[in-house]
Amino acid sequence: HNPPHEIHVWVQTQPKDSDGKPINVRYGDMPSEVKKAVKEHLLQEQGYLCCYTGMRINEEKSHIEHFKPQCKCGNSQEDIDYRNMFAAYPSGDGERALFGAHKKGNWWPETYESHLLISPLEPTCEKRFKFKLSGRVEPADPAAAQMIDILGLNEKELQRLRRSAIRTYLRFDAGSNKKSGKPPITISRLQQISEQFCHRNQHTGAFNEFCYVIQQAALEL
């Protein structure tokens, strides 16, 4: 999660106070061309997946999300800290969603609840959530339970999208395949998915949509 060069250049070229510290370097002061560079960089780093949902996103279907809300950053410069910024669904042009960034809103835990926070940057983030073949997600620990609630990760439409992706990639039918006892795809293909499905596309740099969901689902079959 390395910041684009444009942020550094912008900060360094701003006026300085008497102590030599840049002023006018809050997110609201950031020029549109720098924000555009930031979003492009985030999209590339995230493999064009929403930081909260795993949905496919692009320039038009995403916005710059502050994990710690801007209104909670106080007088610090956390709102321009690249580690606090992610690309998330949906766009910032009036489109609304009942899950993800819009469901989270300006929520931020109290200091004594900070142990219940899971950042998208956490190396084991996906493993703290258990994705089921039905499209539901279950928590692996109390922090995950809180994040599922805060982000609305079991909202019906998001479950439907995950379930559809699972059935598409694994050719899994919750009814007939289980009753017949026949695997929906070969064991070797399941193994390949569990090991390689979260690799980037060599040409576009994109991850498969819901890749970590599909990977976990493959291990269930």
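**View 1. Asp141 and its salt bridge to Arg128.** In this predicted model, Asp141 is partly exposed, with a relative accessible area of 23%. Its side chain meets that of Arg128 in a salt bridge, 2.9 Å from N to O. Asp141 sits in the loop between β4 (137-139) and α4 (142-151), and Arg128 in the loop between α3 (101-104) and β3, so the pair ties together parts 13 residues apart in sequence. Arg128 has 17% relative accessibility and counts as buried, because the cut-off for buried is under 20%. Glu122 joins Arg128 and Asp141 in a network of salt bridges.

**View 2. Lys39 and Glu59, a link between distant parts of the chain.** The two side chains form a salt bridge of 3.8 Å, N to O. Lys39 belongs to helix α2 (residues 32-45), while Glu59 lies in the loop between α2 and β1 (63-66), 20 residues apart. Lys39 is buried at 11% relative accessibility. Glu59 is partly exposed at 28%.

**View 3. Arg160 and Glu157 within helix α5.** The closest N and O atoms of this salt bridge are 2.7 Å apart. The residues are 3 apart in the helix, which means a separation of about one helical turn. Both ends are partly exposed: Arg160 has a relative accessible area of 39%, and Glu157 has 33%. A search of the whole structure finds 9 salt bridges.

**View 4. The buried residues of helix α8.** Helix α8 spans residues 211-220. Its buried residues are Cys211, Tyr212, Val213, Ile214, Ala217 and Ala218. They pack against β3 (129-131), α5 (156-170) and α7 (187-196).

How values were computed
Residues are numbered from 1 along each chain as its sequence is written. This is a predicted model: local features need pLDDT of at least 70, side-chain atom pairs count only at pLDDT 80 or more; totals for chains, interfaces and linings use all residues. Side-chain values use heavy atoms; hydrogens and water are left out. Buried means under 20% relative accessible area, exposed over 50%, partly exposed in between (1.4 Å probe, protein chains only). Helices (H or I, at least four residues) and strands (E, at least two) are DSSP runs, numbered from the N terminus. Contact means heavy atoms within 4.5 Å. A salt bridge is a side-chain nitrogen of Lys or Arg within 4 Å of a carboxyl oxygen of Asp or Glu.
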